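The tour goes stop by stop, with something to select at each one.

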Amino acid sequence: RNLDATGCSARARVVRADAEQWVATAPAADLVLADPPYRFDGWSALLDPLRADVLVVESDRVVELGPRWEVVRERWYGSTWVGIARCLPSGAEGEVP
């Protein structure tokens, strides 16, 4: 319903699956919204194989996204941390811009 309301239903796909298993074979995406249950600890298994241009993460704490991701914006909303990151070009991991 949200996709229909925003006019994005023709350009989006909602997948209901175990994310840690699905992401290993998932196609590349422009945008991924990652909002697992709070206290989730499988971030590296979820994010390491992920192929996306932009990632939005919601958690109960700051999440270390790994060397492939550059956090471009982060905010706290009460006890919820939201981070927006972009995938670094291959070979750019860990470089200081």
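This is a predicted model: local features need pLDDT of at least 70, side-chain atom pairs count only at pLDDT 80 or more; totals for chains, interfaces and linings use all residues.

Residues are numbered from 1 along each chain as its sequence is written, and side-chain values use heavy atoms, with hydrogens and water left out.

**Stop 1: the hairpin**

Select β3 (69–77) and β4 (residues 80–87). Helices (H or I, at least four residues) and strands (E, at least two) are DSSP runs, numbered from the N terminus. β3 and β4 pair in the antiparallel sense over 8 bridges; strands pair if DSSP finds at least two bridges between them. Pick R75 next: its bridge partner in β4 is V82. Then go to the turn. The hairpin has 2 residues between the strands, and G78 takes a positive phi near 65°.

**Stop 2**

Show the side chains of E70 and R86. They meet in a salt bridge, 2.5 Å from N to O. E70 sits in strand β3 and R86 in strand β4, 16 residues apart, so the pair links distant parts of the chain. The rule asks for a side-chain nitrogen of Lys or Arg within 4 Å of a carboxyl oxygen of Asp or Glu. E70 is partly exposed at 23% relative accessibility. R86 is also partly exposed, at 35%.

**Stop 3: a salt-bridge network**

How many salt bridges does the rule give? The count is 3. Select D41, D60 and R61, which are linked in a network. R61 meets D41 at 2.6 Å, N to O. That pair links distant parts of the chain: R61 is in the loop between β2 (52–59) and β3, D41 in the loop between β1 (29–34) and α3 (43–47), 20 residues apart. R61 also meets D60, at 2.6 Å from N to O.

Now colour by accessibility. R61 is partly exposed at 28%. D60 counts as partly exposed at 25%. D41 is exposed, with a relative accessible area of 66%.

**Stop 4: the aromatic pair**

Select F40 and W43. A search of the whole structure finds 1 aromatic pair. The two ring centres are 5.2 Å apart and the planes stand at 85°, so the pair of F40 and W43 is edge-to-face. Rings of Phe, Tyr and Trp (its six-membered ring) pair if their centres lie within 6.5 Å; planes under 30 degrees apart count as stacked, over 60 as edge-to-face, and the rest as tilted.

**Stop 5: a nonpolar patch**

Show the surface and select L31, L33 and V54. They form a nonpolar patch with about 280 Å² of accessible area together. Patch residues have over 30% relative accessible area and no salt bridge; like charges are joined within 9 Å, nonpolar side chains (Val, Leu, Ile, Met, Phe, Trp, Tyr) within 5 Å. Areas come from the Shrake-Rupley method with a 1.4 Å probe, and for residues only the protein chains shown count as cover. V54 lies in strand β2 and is partly exposed at 31%.

**Last stop: cysteines**

Select C8 and C87. C8 is partly exposed at 24%, and C87 is partly exposed at 22%. The whole structure has 0 disulfides, a disulfide being a pair of cysteine sulfur atoms within 2.5 Å.

Notes
Buried means under 20% relative accessible area, exposed over 50%, partly exposed in between (1.4 Å probe, protein chains only).
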